[in-house]
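Walk me through this structure, one residue and one contact at a time.

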Amino acid sequence: MTEKIKILMIDDHPMIIEGYQNTLQFTKKESQELLINIANNCDEAVAFMDKSVRDERPYDMLFIDISLPPSSDGRMNSGEDLAEYARKVLPDAKIVILTMFNESFRIHNIIKNINPEGFLIKSDLTSSELASAFQAVLNNPPFYSGTVNSHIRKTISSDIVIDEKNRKILHLLSQGIKTKNLATHLDMSLSAVEKRKKQLKELFSVEDGQDETLLNEARKKGFV
């Protein structure tokens, strides 16, 4: 019996989408028939999702690139927003996130906010890994690529626990944001930021007080 699998692929680079599509069509099982729609931006993706709900033939799986231009109404600013929308309107659909981002902060946030059935870093991606991810997500999710698993293992094996604000401080410091400007990004007072940085340096046993030393230690533990 043929298993029809309805898929929405969302990426603003047509050649990348074509590669994904060809890989899945060439590697699918004989019993599988893939019905693939393609969206190149947030507006097209939302329209496809809404139509699938109206037609009572919702998508089984969505491949969502994180780096997408904002929607015309400004409600969607990235693939993350799109994935959160998909979770609401297509609760049974399996979501596969694809991204070039490999920083721990972004990976942590995506897993926390979206909890995707598949999470692939594009620099890890090969045709065989995409084919494996597709079958695994269909039958036995989740499937995370090597870089994602590495970050998860590091943070799980660490005995250091930090909250979301402190994670963001580390992320902003790693992006080259100066301490005096952190307060603006975090909606906190400068004294509160300084207090949190002091706590972080104690947690990571930074003895020389340098931000770069803090970042190096945080990287080793998978927090940056």
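Ala 131 sits in helix α5, residues 127–139. Helices (H or I, at least four residues) and strands (E, at least two) are DSSP runs, numbered from the N terminus. The model is predicted: local features need pLDDT of at least 70, side-chain atom pairs count only at pLDDT 80 or more, and totals for chains, interfaces and linings use all residues. Residues are numbered from 1 along each chain as its sequence is written, and side-chain values use heavy atoms, with hydrogens and water left out.

Ala 131 has 15% relative accessibility, so it counts as buried. Buried means under 20% relative accessible area, exposed over 50%, and partly exposed in between (1.4 Å probe, protein chains only). Beyond its neighbours within four places in sequence, Ala 131 is in contact with Thr 23 and Thr 27; contact means heavy atoms within 4.5 Å.

Now the charges. The whole structure holds ten salt bridges, each a side-chain nitrogen of Lys or Arg within 4 Å of a carboxyl oxygen of Asp or Glu. Asp 11 pairs with Lys 122, the closest N and O atoms being 3.0 Å apart. Asp 11 lies in the loop between β1 (3–10) and α1 (14–27), and Lys 122 in the loop between β5 (118–121) and α5, so the pair ties together parts 111 residues apart in sequence. Lys 122 also bridges to Asp 65, at 3.2 Å between the closest N and O atoms. Asp 65 is in strand β3 (residues 61–65), so this pair ties together parts 57 residues apart in sequence.
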